[in-house]
Amino acid sequence: MNIHAYERLWLVASMVLIVGFIVTITYGTVGLGITMVDDREETISPDDVDEDDRFQDPRVEQVGENEFEAYVVSMTFLFQPDPIEIPANNEVTFYVTSRDVIHSFTVVGTNTNTMVIPGEVSAMTVEFDEPGEYGVVCNEYCGPGHHDMEGSLIVHPEDEYSLTELSVDAPDQVGPGEDVELTISIQNGLLEDLETTVDVEVGDETLEQDVTVPGGETEQVSVTVDGDDLEPGDAEWSASVDDEVETGTVTIGDDADDGGDEP
Amino acid sequence: MDDSGISTEISHDEFDPIGTLALIALYFVVLTLMWLFTYFVEFVGNAPTPTVLL
């Protein structure tokens, strides 16, 4: 067979091109470690999502040094938790499942993108270098509210990230001149110890208390405000640790003092 | 010879369409650049990408 020299050249060049495609994909997989989201995770019945340890309380959890896991549930037409808050420069594995129909979990502008299929758990491990707020959208048509289905992913700078939760036990009412005692529970979700300050404000009184919460534990702090320093009537209180704030109202004095309109 | 309308007869390998060669070479370069752009800029550039734990 007589093939012209130029034609032979083009045949060889197209072979080189195909080999080049395969080499780049192989480099991506072996050199960069890029992986595909697959079905290696155990299946889960969409009806049992609420009973699953991971998904009954969608959240972000620290599982090791520089390793976090985020459990995300998608449903018509939202993602839980919203926002998802993670630290930069840490490995975060997202586990995403659906309660109802097929959705997707797409972090806009990134390759962090997977289909979310009821019954399956999509797992992806990513590391965000850039702190900032990213949008999360669904790109599988899932119903009439599909276009409104969005969430957000907040990537915090590593040193500003905390998994602190605050709950406060405060009385609704105290007698005149009685002390007001607030019991503040600080839960530290990180593995490292949390050294911080609790700021408490009741009426015009402010108090500060230093506290150290060991990693993964909850510490209780009691703060007592002298009743003689407080004016009778409703007093606003607030307790804050870092960025977490809890507020409420305590009534000082008898009901009859501030009431009057009661039947 | 004049009746056939052929002025010069050349062999198979003497046919030398240099313009066509230039076009396919250009096409090859465009394909290569588009592939590199698609993979390394549009795909790998959209970090982060799900990875295996290396």
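Student: How many bridges join strand E14 of chain A to strand E17 of chain A?

Tutor: Strands of a sheet pair through backbone hydrogen bonds, either parallel or antiparallel. In this predicted model, strand E14 (residues 194–202) and strand E17 (residues 233–241) of chain A run antiparallel and are joined by 5 bridges, where pairing requires that DSSP finds at least two bridges between two strands. Strands themselves are DSSP runs of at least two residues (E) and helices runs of at least four (H or I), numbered from the N terminus. Within this pair, A:Val200 stands opposite A:Ala239 in E17(A).

Student: Which strands stand at the edges of the sheet?

Tutor: The open sheet has 5 strands in the order E12-E18-E17-E14-E15 (chain A), with mixed pairing. Strand E12 (173–174) and strand E15 (205–213) stand at its edges, each with a single partner strand, so one side of each is left without a neighbour in the sheet.

Student: Is B:Leu33 buried or exposed?

Tutor: Buried means under 20% relative accessible area, exposed over 50%, and partly exposed in between, using a 1.4 Å probe and protein chains only. B:Leu33, which is found in helix H1 of chain B, counts as exposed because its relative accessibility is 54%.

Student: What should I keep in mind about numbering and confidence?

Tutor: Residues are numbered from 1 along each chain as its sequence is written, and chains are lettered from A and ligands numbered from 1 in the order in which they are written. Local features need pLDDT of at least 70 and side-chain atom pairs count only at pLDDT 80 or more, while totals for chains, interfaces and linings use all residues, and side-chain values use heavy atoms, leaving out hydrogens and water.
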